[in-house]
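User: I am new to this structure and would like a short walk through it. Could you show it to me before we talk?

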Amino acid sequence: MILDKMGLKGYQIGKTKVFLRAGQMAELDARRAEVLGHAARTIQRQIRTYIARKEFIALRNAAIMLQSHWRGISACKLYEQLRREAAALKIQKNFRRHTARESYLTVRSSTITLQTGLRAMAARNEFRFRKQTKAAIIIQATLRCHAAYSYYKSLQKAAITTQCGWRRRVARRELRKLKMAARETGALKEAKDKLEKRVEELTWRLQLEKRLRTDLEEEKAQEIAKLQESLQAMQLQVEEANARVKKEQEAARKAIEEAPPIIKETPVIVQDTEKVNSLTAEVESLKASLQSERKATEEACNACTDAEARNAELVKKLEDSERRVDQLQESVHRLEEKLSNSQSEIQVLRQQSLAISPTGKSLTTRQRTMIVPRTPENGNVTNGETKVLSDMTLAISNVREPESEEKPQKCLNEKQQENQDILIKCISQNLGFSGCKPIAACVIYKCLLHWRSFEVEKTTVFDRIIQTIASSIEDNNDVLAYWLSNSSTLLMLLQRTLKASGAASWTPQRRRASSASLFGRMSQGLRSSPQSAGLSFLNGRGLSRLDDLRQVEAKYPALLFKQQLTAFLEKIYGMIRDNLKKEISPLIGLCIQAPRTSRASMVKGRTHANAVVQKALIAHWQSIVKSLNRYLNIMKANHVPPFLARKVFTQIFSFINVQLLNSLLLRRECCSFSNGEYVKAGLAELEQWCNEATEEYAGLAWDELKHIRQAIGFLVIHQKPKKTLNEITKELCPVLSIQQLYRISTMYWDDKYGTHSVSSDVIANMRVMMTEDTNNAVSSSFLLDDDSSIPFTVDDISKSLQQIDIADVDPPALIRENS
């Protein structure tokens with residue numbers, strides 16, 4: 001290996017020795033000397049590197065040591081210089097402070113000397129002036145004492161006179177209240193009787209509807225049984241006819257086989273051919289009858305589905321009537337409770353009127369008057385003990401007169417109850433509109449804001465307003481539109497005014513401060529009388545700050561009132577929408593399929609008769625347009641916000657789209673060319689109505705008909721076989737699903753021009769895509785669902801409506817009379 005590595009050649013290897021040629025040994029020695037010299041040079045290089053590095057490190061350490069010593073010396077010199085500068089600054093500061101203090105003390109001593117001299121001069125002048133004016137001060141004090149005493153005596157006489165007049169007024173008011181309470185009890189009894197009669201009528205109607213429902217179910221079952229029996233009978237007839245045909249064919253075959261081989265013209269053969277012809281004619285007639293029976297069964301199935309739909313509508317009506325009965329029962333219970341409360345209040349007022357004397361002398365002679373304790377029977381919370389009227393002490397005459405801290409509050413509550421009664425009586429009528437603004441909503445909002453009802457922890461005015469609105473709602477579109485406008489406006493005002501309170505223990509900033517004495521309360525009442533407040537409320541100027549839609553910390557009753565008002569708005573909206581749906585539902589059933597007479601006239605090509613029939617058929621679509629116009633005029637007359645009108649018509653057009661497309665997909669007789677032209681003409685009527693109604697009220701209603709529009713457009717195309725699947729799905733009918741397109745393509749038939757449906761390749765591709773959809777767990781239903789949800793929120797209404805200036809709304813006459 002060594003020799004091969006050296007590249008020597010011509011050597012020999014023996015058993016124990018290696019034989020070399022001449023000169024090869026010298027080459028090996030030279031190579032060994034070269035290797036050893038290279039190793040020696042490597043060792044020398046490492047040793048020289050080590051020595052040089054050692055010397056370098058020693059020099060570096062020495063340099064670092066010198067640098068550190070030099071830096072220390074320079075730092076000491078710098079520190080000494082800084083210390084000298086600090087000492088010089090301190091000496092300068094102390095010197096300047098000393099000179100400033102010396103000058104300040106000099107100025108202060110001179111100022112004190114001047115002040116003492118001036119104060120002594122002023123004191124001498126004041127003493128001289130008081131000595132001169134002492135007699136005048138004594139005269140003035142005596143005169144002022146006399147004037148104050150005479151003014152106090154006049155105030156005392158006026159207070160006594162005012163007290164007598166006030167007590168006389170309170171006694172008259174309580175007598176008037178007793179008379180009014182007696183009248184209200186009679187009115188409540190009459191209302192209770194009316195409500196009981198109405199409940200009886202509704203229960204009778206409910207029982208009648210239940211009976212009609214059971215009768216309809218029985219008739220439906222009987223019709224289904226009859227249809228099944230007729231179907232079985234026809235199937236038996238078909239089977240018997242088939243058996244007879246087979247028997248006659250076998251008999252004819254046997255007769256032919258038994259006949260002799262020599263064929264002769266005999267009348268028997270003619271008879272056999274006549275029998276065969278008659279049998280074939282009979283078979284064809286049986287097939288025709290079978291097809292007619294199948295059509296009859298299909299019509300029976302359609303009638304069954306219609307009956308089920310009517311049954312579902314009756315069930316809905318029954319549930320609505322039951323809900324109304326429950327509401328009426330609740331209102332009856334509330335009226336009974338109100339009647340019992342009013343009777344208890346009448347008893348309490350009678351006891352108080354017996355306890356109070358009509359003359360002023362008896363009132364002054366009594367010192368204390370007992371008040372009947374409040375109990376749950378009379379509608380208030382008992383305190384467990386009777387409250388005693390506080391005495392008011394007059395300073396001069398020392399006469400003690402009875403006065404109660406609860407009488408002004410009670411009078412205030414009674415006044416507020418009277419105001420609430422006037423408001424409820426006012427809004428129960430149709431107040432109309434003032435400058436496109438609903439008066440009832442503005443009056444309710446003004447009153448609640450003026451009474452600060454939003455900031456009260458407990459009140460009954462919200463419940464009374466909700467009950468009034470609920471009792472005023474009827475199944476009349478004019479009334480529903482009127483209250484839809486009022487409720488939306490009031491809800492918008494509440495949405496922009498109310499905000500939830502931050503803490504449960506929050507109290508209003510303004511509270512009614514009750515004076516300690518009757519004189520203080522009377523003076524406060526004279527300064528801010530209810531008449532002046534009512535007049536400023538009517539004029540809209542005194543409440544200009546309140547009328548601005550400022551944010552109010554709302555309590556729980558106000559927030560609950562807002563929720564109840566939102567529920568009423570959604571209910572009224574749903575009733576208007578459902579009424580329109582019920583009105584146009586039978587017309588939609590007539591609009592989806594043109595009658596057979598029209599198709600026959602179209603096939604024969606009678607132009608004049610065709611035009612007459614078209615006018616008669618368009619009448620159904622025109623009836624739908626009339627219904628839409630009538631509802632639109634009602635909404636415009638009652639100033640319903642255009643936002644809500646757009647939502648109503650959008651959902652109605654969506655309902656029309658669903659009904660028409662589902663009927664088209666379920667009934668083969670509707671998937672014809674002539675029927676497509678008929679529906680297309682009707683859709684043109686709806687498009688014209690949308691253009692006339694403008695986008696403000698119609699909105700995007702026309703876009704909701706995109707499914708039926710594309711389906712009808714696909715029906716009336718002449719060159720269907722030339723259309724590819726890509727053109728159909730992306731250009732002609734991008735909204736329709738593959739299941740719907742397959743359904744229309746397979747059920748299509750042309751009774752007018754004889755055109756064909758799409759090609760077989762397109763149908764095969766549709767089937768492949770449908771199988772892929774089923775494998776991908778996509779819903780295979782080809783029918784559309786009707787969306788009956790509420791498509792808006794309170795925030796949407798608040799954003800869509802404009803700002804309303806309620807100060808411009810004139811109050812009704814009843815509010816003006818009772819300002």
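User: How much of the protein chain counts as buried?
Analyst: Of its 819 residues, 30% count as buried, meaning under 20% relative accessible area with a 1.4 Å probe and protein chains only, while exposed is over 50% and partly exposed lies in between. This is a predicted model, where local features need pLDDT of at least 70, side-chain atom pairs count only at pLDDT 80 or more, and totals for chains, interfaces and linings use all residues. Residues are numbered from 1 along each chain as its sequence is written, and side-chain values use heavy atoms, leaving out hydrogens and water.

User: How many helices and strands are there?
Analyst: The protein chain has 22 helices and 6 strands. These are DSSP runs numbered from the N terminus (helices: H or I, at least four residues; strands: E, at least two).

User: At what angle do helix 7 and helix 12 pack?
Analyst: Helix 7 (residues 461-472) and helix 12 (residues 556-591) pack at about 10 degrees, and their axes are 10 Å apart. Axes are lines fitted to C-alpha atoms, for helices over the stretch in contact, and angles run from 0 to 180 degrees between N-to-C directions.

User: So what does that make them, parallel or perpendicular?
Analyst: Helix 7 is roughly parallel to helix 12, a term for angles under 35 degrees, whereas 65 to 115 is roughly perpendicular.

User: Which residues meet there?
Analyst: Among them, F462 and I466 of helix 7 and F561 and L565 of helix 12 take part. Contact means heavy atoms within 4.5 Å.

User: New topic: where is M25 found?
Analyst: M25 is in helix 2 (residues 24-258), and M25 is partly exposed, with a relative accessible area of 48%.

Definitions and conventions: Parallel < 35°, antiparallel > 145°, perpendicular 65-115°, else oblique.
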